[in-house]
Amino acid sequence: MKRRDFLGGVSAAGVASALSAPALLTVAGRAAAQGNDIPVGLLFSLTGAVAVVESTLHDAALMAIEEINAAGGVHGMQLRPIIEDPASDPATYADRARRLMIRDKCVSVFGSYTSASRQAVLPVTEQRNNLYWYPTLYEGRECSRNVMYGGAVPNQQQDELIPWAIENFGPRFYMIGNNYVYPKEENNYCKTLLAKYGGEVVHEEYVPLGHSDFSSVINRIRAEGPNVIFATVVGDSDVAFARQYHAAELDPAKMPVISLTRSEVEVKAIGGDAAAGHFSSAPYFMGTQTPENERFVESYKARFGGDQVTHFVSEAAYFQVYQFKAALEKLDPANITPELIRDAAVGITLNAPQGEVLIDENLHTHLWPKIGQWQSNGQAEVVVQSSNRVAPLPYAAYEGQRCTGQGLVEG
Amino acid sequence: MDAILNQIFAGLSMASILLMIALGLAIIYGAMGVINLAHGEFVMLGAYAAWAIQTYTGMSIIMALPFVFVAVALVGWLIEKIIVQRLYHRPLDTILATWGIGIILQQTVRLLVGAESRFVKGPEFLSGNTQIGGLIMSNYRLFVIFFSLAVLAGTWALMTRTEFGMKLRAVIQNRQISECYGIEAKNIYSVTFAYGAGLAGIAGALITPLFSTIPTMGTGLVVDAFLVVIVGGLGSILGAASAAVLIGEATALFSMLFNDTLGRIAVLAGIIVLIRFRPRGLFPSNTRR
């Protein structure tokens, strides 16, 4: 090693440790609300690759906070939103989460769209014993006592969907997804349901994230002739897939794409004509007819523009703030800590835009699954509405494991 | 058999898109030795230009192509005049500069237009399929294949049959001597850069009905374009065309045998092996630099 390199390395290490010193010194102070407002962290990317979706979650959550403040706050205290932009980078999520929980003493942080960013924040949240409110549907198989999961887990999206699809279209499923954990876990669970209801997988494949040419996939679909395309393709890949599927003139009446990930956001980019006739399974669609949803959609459009859409993740980002408020109301205003908020939140019911939701003791949410068929105006028409609220089972695909109020239980 | 025919068509379709994207890059690199990392952003600008023209004037993207070409070429021309021209003697700095330009273009679009994916309608008269036996071909993809061939032929004619092309070839061979004969090498370079950018813009407009139009769409495409240029041989138009077909068909073939993820890996591995044995690509140009 050259002397100059060595010195450079030493000084770099020196700078790094100097920078981390202030963080070490503040470990003593725990997050707790003090004074006349309640600090709340918002950790959604406003720049970078996932900003397209996360900025809508940010908008929805911030709108809820401002609505609550306008109505007088909680216990006469205002919620003070502290906004950080993690720029779509998991390491930055962890860093900013630390900043929100330690420096700003937030009693809860709302954030994340992707599982990658949630998992980056998880160790920080658990170490600080803080509370992270995560609004997205996800693959399950997680049971943290420090995360409030507002989105659907596989059993809530699929239990009703799979038998319905087999009955209406047929038993032969073609699975297409992006190559990462969410599609694989969803397909994993789907296969257990297919085995139970007499369906079969004719082909299962995964394309890289951001993949944009689906001609080979479409050729294979045409050759296999399945009854259902079970899609867990996300974001831009889904837009490209849907447009090319439509351009190839595959008929949604005979071979519909049933997606777990396609929302109003993707459909807007796909175009109503190409999306029409296909299905999505989600607890919420923009056209859901409840008084709460009418209010939500109306104020969202009034604030952010008439061409904006609400979707199943922004709805959860919105109602989770109200769940947070309901939990705060049960607490003594002099003693608000993340742990107490979590304990107070369990069992809370709330009229969300999708219907009345309940927080389970495993910190996931009981939801109202729906199956929507996309129309050429870019909206989904709900064709199946679950008759009862469905409990979240994050380990549904794994026999012998259960997520409970005490955390993960084996056997 | 039908499956194979369909897959060959899929490969051709991929090749035509690759060719459209790579051609501009090949010309800019071949003529000027500039590694233009902002090329993907020119493609993105073309897509957004098509979107803007369609949204605000209602014009079909096919009708919009000439306007897209002119608009993106103009952007390319300005960038060449303002930045790239000053860096011809510093090739490594051009890489950094064009990369920076790419970021600036991408973020500008994000700020002005927004980050969400934009919808561009495909042309009505090209919807549907043409079916020959078991071979099913999307009309729009057929159109892109023929259009890319026309652009290839046009570029070839421009390079070999016009006065501009003759001057360009002279400058490529020896800039100093060409200047002695009264050729304004600077202007030739500017026009070439603008032409390359314009071609990228057309490519961007043409892929909008199939792909998702977002500010970051160019980043992945520029990698594919570089693969084509490297395999084809730097600066060779014929090389770029054959490399595009080779890569498109190889991707289609491997995708059929394995799946798209493994297919992509196999193609990249194949390219590594190829440049091990033909480091200058399939059709290296023999000009002196």
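Here are some questions and answers on the cores, domains and chain contacts of this predicted model.

Q: Which residues touch the most other members of the largest nonpolar core?
A: In general, nonpolar side chains of soluble globular proteins tend to be buried together. Here the largest nonpolar core holds 83 residues. Its largest share, 11 residues, is supplied by helix 13 (residues 312-329) of chain A. The members that touch the most others are F324(A) and I341(A).

Q: From which domains of chain A does this core draw at least three residues each?
A: Chain A is divided into two parts, residues 29-152 + 284-367 and residues 156-282. The core draws at least three residues from each of them, namely domain 1 and domain 2.

Q: Which residues is F324(A) in contact with, leaving aside neighbours within four places in sequence?
A: Contact here means heavy atoms within 4.5 Å. By that rule F324(A) meets I38(A), V40(A), L79(A), V107(A), S108(A), F110(A), W133(A) and I341(A).

Q: How many residues does the other core, the one that includes L18(B), hold?
A: This core lies apart from the one described above. Among its members are L18(B), I53(B), L199(B) and F226(B). Its count is 82 residues.

Q: What area do domain 1 and domain 2 of chain A bury between them?
A: The domain centres, taken over C-alpha atoms, are separated by 30 Å. Their contact takes 18 residues from domain 1 of chain A and 15 residues from domain 2 of chain A. On the domain 1 side, E139(A), F285(A) and F312(A) lose the most area, together 35% of what that side buries. With 63% of it on carbon and sulfur atoms, the area buried between the domains is about 1,500 Å².

Q: How many residue pairs are in polar contact between domain 1 and domain 2 of chain A?
A: The rule finds 1 salt bridge across this interface. Counting polar contacts, with both residues at pLDDT 80 or more, gives 5 residue pairs.

Q: Which helix of chain B supplies the largest share of the side that touches chain A?
A: The contact between the chains takes 32 residues from chain B and 30 residues from chain A, and about 2,400 Å² is buried. Across it the rule finds 13 residue pairs in polar contact. Helix 1 (2-32), strand 2 (135-138), helix 10 (237-257) and helix 11 (260-277) of chain B each supply at least two residues of the side touching chain A. The largest share, 5 residues, comes from helix 1 of chain B.

Q: Which residue of chain A forms a salt bridge with R141(B)?
A: The interface of chain B and chain A has 2 salt bridges. In the one formed by R141(B), the closest N and O atoms are 3.6 Å apart, and the partner is D213(A).

Conventions. Residues are numbered from 1 along each chain as its sequence is written. Chains are lettered from A and ligands numbered from 1 in the order in which they are written. This is a predicted model: local features need pLDDT of at least 70, side-chain atom pairs count only at pLDDT 80 or more; totals for chains, interfaces and linings use all residues. Side-chain values use heavy atoms; hydrogens and water are left out. A nonpolar core is a set of buried Ala, Val, Leu, Ile, Met, Phe, Trp, Tyr and Cys residues joined through side-chain atoms within 4.5 Å. Buried means under 20% relative accessible area, exposed over 50%, partly exposed in between (1.4 Å probe, protein chains only). Helices (H or I, at least four residues) and strands (E, at least two) are DSSP runs, numbered from the N terminus. Domain bounds come from an automatic or database domain assignment. Buried area is the accessible area (1.4 Å probe) that two parts lose on being put together, summed over both. A salt bridge is a side-chain nitrogen of Lys or Arg within 4 Å of a carboxyl oxygen of Asp or Glu. A polar contact is a pair of N or O atoms within 3.5 Å; within protein, one must be able to donate a hydrogen and the other to accept it, and residues adjacent in sequence count only if both atoms are side-chain atoms.
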